[in-house]
Amino acid sequence: MILPPIQYLRPATPADAVATLSEVDGSVVLAGGQTLLNVLKLDLAHPAALVDVHRIDALRGVRHTEDSALVIGAATTYAELASSPDVRRTHPEVADMAAGLVDRQVRNRGTIGGNCCLNDPTNNFPPLLAALDARFRILGVAGERVLRADEFFLGTLTTAVGRAELLTAIEIPALPTGSVVAHEHLQVGADSWALARAVVRLDVTDHVVTDARVVLGAVYGSPLRLSDVERMLVGSAPAALPEVELDLDTADDVHGSAAYRREMAEVQLRRAVRAAVERSGR
Ligand SMILES: Cc1cc2nc3c(=O)[nH]c(=O)nc-3n(C[C@H](O)[C@H](O)[C@H](O)COP(=O)(O)OP(=O)(O)OC[C@H]3O[C@@H](n4cnc5c(N)ncnc54)[C@H](O)[C@@H]3O)c2cc1C
């Protein structure tokens, strides 16, 4: 479908973008456009203006803080993350996730900020970032606020970012020495949506799991952290971790029954635990 005429605005700074969003009624942020432009072409949304943040320098690229946290500009593309030696050095799981996303075209345009702000339950980054204890920097006219994953991801296609706010950066703390991260997922087709996703992070000291993050994606509207399973894993030797069973209240959808999704989530979780254990032994 050919788009109807729409105002296109290109602010130079994050502060200008926020001012524009608050001044122009019906304006929305345009990042990589990999989802938003499809939504417009399908006539599913009718914003008055697009505020393009894709080329704002302050929103692009990565840097490390003094305590080795990785700060990723919200408009950084998957391709940039995948090819960054800095990201691979401290957070290889982020580089790997970006490198494995969809196809070259989507990786060249799609942004990590857009991936999170969309919060499609099947998206790759929300569960990974939840497992990495990421912080989300949000700028509004009143200033900046910083949220944890459980405060940021509120439900299907819903986040804490307000209409006149901008996600500016995602900050991922340095992982402790001995930390391993594994991700497993089941896709509907070779290049399509995830039916179930699991991310497991084990912090291992002297052959004992001292802390764990266990997060499911594509099961509920937002990443689901399984604190009970985390507690079960802590204190064990990785090689002797207990088998994980889940009691999930999932729903049927076009891709499968609730029972199938529940079982597949459990399978992905077991695989992710096993992969993390293997990595911890290397
Ligand atoms: C064929 C295809 C297959 C795909 N498969 C997958 C997949 O398997 N896994 C996956 O994770 N993704 C997948 N995607 C989605 C892709 O990753 C999108 O790039 C992503 O979901 C949105 O990122 P974007 O930068 O393109 O954002 P846009 O489409 O520009 O924006 C998406 C939404 O986020 C808002 N937004 C964007 N950036 C900000 C910001 N900084 N602050 C506030 N609001 C903002 C926009 O207003 C809009 O509502 C696929 C896309 C396509 C086209």
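The turns below take the labels one at a time.

User: What should I know about the model before we start?

Analyst: This is a predicted model, in which local features need pLDDT of at least 70 and side-chain atom pairs count only at pLDDT 80 or more, while totals for chains, interfaces and linings use all residues. Residues are numbered from 1 along each chain as its sequence is written, and side-chain values use heavy atoms, with hydrogens and water left out.

User: How do you know where the domains lie?

Analyst: Domain bounds come from an automatic or database domain assignment. Here that gives domain 1 (7–52), domain 2 (62–172) and domain 3 (179–280). Over C-alpha atoms, the centres of domain 1 and domain 3 are 35 Å apart.

User: Why is L233 called buried?

Analyst: Buried means under 20% relative accessible area, exposed over 50%, and partly exposed in between (1.4 Å probe, protein chains only). L233 has 0% relative accessibility, so L233 counts as buried. L233 is found in helix α10 (residues 227–233). Helices (H or I, at least four residues) and strands (E, at least two) are DSSP runs, numbered from the N terminus.

User: Which residues is L233 in contact with, beyond its neighbours within four places in sequence?

Analyst: Contact means heavy atoms within 4.5 Å. L233 is in contact with L202, V209, A212, V214, L241 and P242.

User: What makes a set of residues a nonpolar core?

Analyst: A nonpolar core is a set of buried Ala, Val, Leu, Ile, Met, Phe, Trp, Tyr and Cys residues joined through side-chain atoms within 4.5 Å. The largest one has 34 residues, and V94, C116, F125, L129, F136, I170 and I172 have the most contacts inside it. Helix α8 gives the largest share, five residues. Domain 2 and domain 3 both give residues to this core, so it lies between them. A second, separate core has 27 residues, including A182 and L216.

User: Which residues does L129 touch, leaving out those up to four places away in sequence?

Analyst: L129 touches I112, C116, A134, F136, I170 and I172.

User: How do you know which strands pair?

Analyst: Two strands pair if DSSP finds at least two bridges between them. Nine bridges join β12 (residues 194–205) to β13, and these strands run antiparallel. R197 stands opposite G217 in β13. Strand β13 (residues 208–217) and β14 also pair in the antiparallel sense, over two bridges. There, L216 stands opposite L224 in β14.

User: What joins the hairpin strands?

Analyst: Two residues lie between β12 and β13, and D206 in the turn has a positive phi of about 50°. Six residues lie between β13 and β14, where A218 takes a positive phi near 70°.
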